[in-house]
Amino acid sequence: MNNSAPRIGMLGGTFDPVHLGHLRSAVELHETLMLDRLHMIPAQQPPLRDRPQVSAQQRLALLKAGIGDTPGIIADDRELQREGPSYSVDTLIELRAEYGDQARLVMAIGYDAFLRLAQWYQPERIFALAHLVVIARPGYNDPLPAPLAELVEHRAVSNIETLMLTPCGSYTTLALPSLMAISATHIRECLHQGKSVRYLVPAPVEQAIKHHGLYQQQSE
Ligand code: ATP
(Lines give C-alpha, C1' and ligand atoms only; values in the text may rest on other atoms or scores of the structure.)
Protein backbone atom coordinates (compact mmCIF):
# COMPACT_ATOMS: atom_id res chain seq x y z
CA MET A 1 0.00 0.00 0.00
CA ASN A 2 1.20 3.45 -0.87
CA ASN A 3 1.21 5.12 2.53
CA SER A 4 1.14 8.58 1.06
CA ALA A 5 -2.08 7.83 -0.81
CA PRO A 6 -4.70 10.44 0.11
CA ARG A 7 -7.24 9.68 2.82
CA ILE A 8 -10.60 11.08 1.79
CA GLY A 9 -13.89 10.96 3.66
CA MET A 10 -17.45 11.49 2.58
CA LEU A 11 -20.29 12.29 4.99
CA GLY A 12 -23.57 12.56 3.14
CA GLY A 13 -26.89 13.56 4.59
CA THR A 14 -29.96 15.67 4.23
CA PHE A 15 -28.56 18.26 6.62
CA ASP A 16 -32.06 19.63 7.15
CA PRO A 17 -30.56 21.56 8.94
CA VAL A 18 -26.93 20.79 9.73
CA HIS A 19 -26.34 20.58 13.51
CA LEU A 20 -23.51 20.13 15.99
CA GLY A 21 -23.96 16.33 15.97
CA HIS A 22 -22.98 16.35 12.30
CA LEU A 23 -20.21 18.91 12.66
CA ARG A 24 -18.54 17.55 15.76
CA SER A 25 -18.66 14.06 14.18
CA ALA A 26 -17.05 15.53 11.05
CA VAL A 27 -14.19 17.06 13.05
CA GLU A 28 -13.63 13.88 15.02
CA LEU A 29 -13.77 11.75 11.87
CA HIS A 30 -11.22 14.04 10.25
CA GLU A 31 -8.89 13.62 13.21
CA THR A 32 -9.50 9.95 14.02
CA LEU A 33 -9.15 8.75 10.42
CA MET A 34 -6.36 11.28 9.76
CA LEU A 35 -8.20 12.42 6.66
CA ASP A 36 -6.75 14.86 4.20
CA ARG A 37 -10.25 16.05 3.41
CA LEU A 38 -13.81 15.30 4.44
CA HIS A 39 -16.55 16.10 1.96
CA MET A 40 -19.91 16.88 3.56
CA ILE A 41 -22.40 16.29 0.76
CA PRO A 42 -26.03 17.38 1.01
CA ALA A 43 -28.48 15.07 -0.76
CA GLN A 44 -31.38 16.07 -2.91
CA GLN A 45 -34.56 15.94 -0.87
CA PRO A 46 -35.27 12.23 -0.30
CA PRO A 47 -38.58 11.31 -1.96
CA LEU A 48 -40.13 9.80 1.14
CA ARG A 49 -39.60 12.71 3.50
CA ASP A 50 -42.01 15.47 4.43
CA ARG A 51 -42.57 18.13 1.81
CA PRO A 52 -39.50 20.33 1.74
CA GLN A 53 -39.99 23.70 3.39
CA VAL A 54 -36.40 24.64 2.92
CA SER A 55 -34.78 24.44 -0.50
CA ALA A 56 -31.68 22.40 -1.23
CA GLN A 57 -29.80 25.65 -1.83
CA GLN A 58 -30.82 26.90 1.61
CA ARG A 59 -29.70 23.62 3.22
CA LEU A 60 -26.38 24.01 1.41
CA ALA A 61 -26.04 27.62 2.58
CA LEU A 62 -26.66 26.53 6.19
CA LEU A 63 -24.07 23.76 5.80
CA LYS A 64 -21.51 26.26 4.52
CA ALA A 65 -22.32 28.62 7.38
CA GLY A 66 -21.96 25.75 9.87
CA ILE A 67 -18.61 24.56 8.51
CA GLY A 68 -17.21 28.09 8.30
CA ASP A 69 -13.42 27.84 8.16
CA THR A 70 -13.10 24.41 9.79
CA PRO A 71 -9.84 22.99 8.39
CA GLY A 72 -10.10 19.96 6.12
CA ILE A 73 -13.90 19.94 5.92
CA ILE A 74 -15.74 21.12 2.85
CA ALA A 75 -19.37 21.57 1.80
CA ASP A 76 -19.63 19.72 -1.50
CA ASP A 77 -22.70 20.47 -3.63
CA ARG A 78 -22.15 17.83 -6.34
CA GLU A 79 -25.36 15.90 -5.59
CA LEU A 80 -27.41 19.08 -5.92
CA GLN A 81 -25.89 19.67 -9.36
CA ARG A 82 -27.01 16.29 -10.68
CA GLU A 83 -30.38 15.68 -12.26
CA GLY A 84 -32.68 12.98 -10.92
CA PRO A 85 -32.14 10.72 -7.94
CA SER A 86 -28.83 10.98 -6.25
CA TYR A 87 -27.13 7.73 -5.36
CA SER A 88 -24.11 7.47 -3.07
CA VAL A 89 -22.55 5.04 -5.54
CA ASP A 90 -22.49 7.76 -8.21
CA THR A 91 -20.91 10.19 -5.77
CA LEU A 92 -18.25 7.66 -4.82
CA ILE A 93 -17.51 6.98 -8.52
CA GLU A 94 -16.86 10.70 -8.96
CA LEU A 95 -14.67 10.98 -5.85
CA ARG A 96 -12.71 7.86 -6.87
CA ALA A 97 -12.08 9.37 -10.32
CA GLU A 98 -10.91 12.63 -8.75
CA TYR A 99 -8.58 11.16 -6.13
CA GLY A 100 -7.31 8.11 -8.03
CA ASP A 101 -7.16 4.34 -7.55
CA GLN A 102 -4.78 4.43 -4.60
CA ALA A 103 -6.72 6.90 -2.43
CA ARG A 104 -8.21 5.56 0.76
CA LEU A 105 -11.84 6.56 0.30
CA VAL A 106 -14.16 6.30 3.32
CA MET A 107 -17.90 6.69 3.37
CA ALA A 108 -19.03 7.55 6.91
CA ILE A 109 -22.61 7.07 8.08
CA GLY A 110 -24.42 7.07 11.40
CA TYR A 111 -25.74 3.80 12.79
CA ASP A 112 -29.36 4.78 12.02
CA ALA A 113 -28.57 5.27 8.33
CA PHE A 114 -26.42 2.11 8.30
CA LEU A 115 -29.39 -0.01 9.42
CA ARG A 116 -31.09 0.83 6.10
CA LEU A 117 -28.00 0.36 3.92
CA ALA A 118 -29.09 -2.96 2.38
CA GLN A 119 -32.07 -1.10 0.81
CA TRP A 120 -29.86 1.48 -0.90
CA TYR A 121 -29.17 1.42 -4.63
CA GLN A 122 -26.47 -1.18 -5.39
CA PRO A 123 -25.08 -1.32 -1.84
CA GLU A 124 -22.47 -3.98 -2.69
CA ARG A 125 -20.89 -1.59 -5.21
CA ILE A 126 -20.12 0.83 -2.40
CA PHE A 127 -17.41 -1.56 -1.21
CA ALA A 128 -15.79 -1.71 -4.63
CA LEU A 129 -15.34 2.05 -4.34
CA ALA A 130 -14.89 2.85 -0.65
CA HIS A 131 -14.60 1.68 2.92
CA LEU A 132 -17.55 2.11 5.22
CA VAL A 133 -17.16 3.59 8.70
CA VAL A 134 -20.26 3.45 10.86
CA ILE A 135 -20.58 6.05 13.62
CA ALA A 136 -22.32 4.96 16.81
CA ARG A 137 -25.29 7.19 17.65
CA PRO A 138 -26.94 7.46 21.06
CA GLY A 139 -30.25 5.63 21.16
CA TYR A 140 -29.54 3.46 18.11
CA ASN A 141 -28.43 -0.08 18.86
CA ASP A 142 -30.84 -2.38 17.00
CA PRO A 143 -29.20 -5.58 15.75
CA LEU A 144 -28.31 -5.70 12.06
CA PRO A 145 -31.10 -6.96 9.79
CA ALA A 146 -30.11 -10.24 8.06
CA PRO A 147 -29.48 -8.80 4.55
CA LEU A 148 -27.24 -6.14 6.05
CA ALA A 149 -25.32 -8.62 8.19
CA GLU A 150 -24.77 -10.66 5.02
CA LEU A 151 -23.60 -7.60 3.10
CA VAL A 152 -20.95 -6.60 5.64
CA GLU A 153 -19.91 -9.80 7.45
CA HIS A 154 -16.86 -10.60 5.34
CA ARG A 155 -15.77 -7.00 5.32
CA ALA A 156 -15.46 -6.23 9.01
CA VAL A 157 -12.08 -5.11 10.31
CA SER A 158 -11.35 -4.26 13.91
CA ASN A 159 -9.55 -0.96 13.57
CA ILE A 160 -8.84 2.02 11.37
CA GLU A 161 -5.17 1.10 10.78
CA THR A 162 -6.23 -2.15 9.08
CA LEU A 163 -8.94 -0.37 7.13
CA MET A 164 -6.44 2.16 5.80
CA LEU A 165 -4.15 -0.56 4.42
CA THR A 166 -6.33 -0.76 1.31
CA PRO A 167 -8.18 1.78 -0.86
CA CYS A 168 -11.68 0.28 -0.34
CA GLY A 169 -13.71 -2.80 0.62
CA SER A 170 -13.75 -2.91 4.44
CA TYR A 171 -16.11 -1.86 7.15
CA THR A 172 -15.73 -0.93 10.81
CA THR A 173 -17.70 0.82 13.51
CA LEU A 174 -16.37 3.77 15.41
CA ALA A 175 -17.37 5.25 18.75
CA LEU A 176 -16.34 8.87 18.33
CA PRO A 177 -15.38 10.65 21.57
CA SER A 178 -18.36 13.05 21.62
CA LEU A 179 -21.62 11.23 21.13
CA MET A 180 -24.33 13.81 20.71
CA ALA A 181 -28.00 12.95 20.87
CA ILE A 182 -28.91 15.73 18.46
CA SER A 183 -31.11 15.14 15.42
CA ALA A 184 -32.37 17.43 12.70
CA THR A 185 -35.88 16.13 13.41
CA HIS A 186 -35.66 17.49 16.95
CA ILE A 187 -34.32 20.82 15.69
CA ARG A 188 -37.16 21.17 13.19
CA GLU A 189 -39.66 20.39 15.98
CA CYS A 190 -38.12 23.03 18.26
CA LEU A 191 -38.31 25.63 15.50
CA HIS A 192 -41.93 24.76 14.62
CA GLN A 193 -42.79 25.28 18.27
CA GLY A 194 -40.92 28.56 18.47
CA LYS A 195 -38.35 27.06 20.86
CA SER A 196 -34.65 27.84 20.97
CA VAL A 197 -32.07 25.79 19.07
CA ARG A 198 -29.10 27.55 20.68
CA TYR A 199 -26.16 25.18 21.31
CA LEU A 200 -27.74 22.56 19.04
CA VAL A 201 -26.54 24.30 15.88
CA PRO A 202 -23.57 26.65 15.34
CA ALA A 203 -24.32 30.33 15.98
CA PRO A 204 -24.12 31.33 12.27
CA VAL A 205 -26.65 28.59 11.43
CA GLU A 206 -29.01 29.77 14.17
CA GLN A 207 -28.69 33.34 12.88
CA ALA A 208 -29.35 32.35 9.26
CA ILE A 209 -32.40 30.28 10.27
CA LYS A 210 -33.79 33.27 12.18
CA HIS A 211 -32.90 35.79 9.50
CA HIS A 212 -34.66 33.83 6.74
CA GLY A 213 -37.50 32.55 8.94
CA LEU A 214 -36.71 28.90 8.06
CA TYR A 215 -38.48 25.85 9.55
CA GLN A 216 -41.22 27.99 11.13
CA GLN A 217 -44.10 26.15 9.51
CA GLN A 218 -45.37 22.75 10.66
CA SER A 219 -44.61 20.17 7.93
CA GLU A 220 -47.63 18.96 5.93
P1 ATP B 1 -33.24 13.63 10.59
O2 ATP B 1 -33.48 13.78 12.08
O3 ATP B 1 -33.92 14.69 9.75
O4 ATP B 1 -33.43 12.22 10.07
P5 ATP B 1 -30.34 13.59 11.05
O6 ATP B 1 -30.10 14.50 12.23
O7 ATP B 1 -30.27 12.11 11.28
O8 ATP B 1 -31.70 13.99 10.34
P9 ATP B 1 -29.05 13.47 8.46
O10 ATP B 1 -28.82 14.64 7.57
O11 ATP B 1 -30.07 12.49 8.08
O12 ATP B 1 -29.35 14.06 9.94
O13 ATP B 1 -27.68 12.76 8.81
C14 ATP B 1 -26.56 12.72 7.97
C15 ATP B 1 -25.59 11.70 8.51
O16 ATP B 1 -25.10 12.10 9.80
C17 ATP B 1 -26.24 10.32 8.71
O18 ATP B 1 -25.28 9.33 8.39
C19 ATP B 1 -26.56 10.31 10.19
O20 ATP B 1 -26.60 9.01 10.71
C21 ATP B 1 -25.40 11.11 10.77
N22 ATP B 1 -25.77 11.82 12.01
C23 ATP B 1 -26.82 12.62 12.21
N24 ATP B 1 -26.86 13.09 13.46
C25 ATP B 1 -25.77 12.57 14.09
C26 ATP B 1 -25.25 12.69 15.44
N27 ATP B 1 -25.87 13.38 16.37
N28 ATP B 1 -24.12 11.98 15.70
C29 ATP B 1 -23.51 11.23 14.76
N30 ATP B 1 -23.95 11.10 13.48
C31 ATP B 1 -25.07 11.75 13.14
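Contact means heavy atoms within 4.5 Å. Helices (H or I, at least four residues) and strands (E, at least two) are DSSP runs, numbered from the N terminus. This is a predicted model, where local features need pLDDT of at least 70, side-chain atom pairs count only at pLDDT 80 or more, and totals for chains, interfaces and linings use all residues. Residues are numbered from 1 along each chain as its sequence is written, and side-chain values use heavy atoms, with hydrogens and water left out.

Start at helix H10, residues 203–212. Its buried residues are Val205, Glu206, Ala208 and Ile209. Buried means under 20% relative accessible area, exposed over 50%, partly exposed in between (1.4 Å probe, protein chains only). Down the axis of H10, these buried residues fall within an arc of 165°, so they line one face of the helix. That arc is taken from the directions from the helix axis to the C-beta atoms. The cover over the buried residues of H10 includes helix H2 (56–67) and helix H9 (184–192). Gln207, Lys210 and His211 are exposed, on the face of H10 turned away from its buried side. Just after H10, Gly213 has a positive phi of about 60°.

Now move to strand S2 (residues 37–42), which holds His39. His39 is buried, at 3% relative accessibility. Its side chain makes a polar contact of 2.8 Å with that of Tyr99. A polar contact is a pair of N or O atoms within 3.5 Å; within protein, one must be able to donate a hydrogen and the other to accept it, and residues adjacent in sequence count only if both atoms are side-chain atoms. Leaving aside residues up to four places away in sequence, His39 touches residues including Ile8, Asp76 and Arg78.
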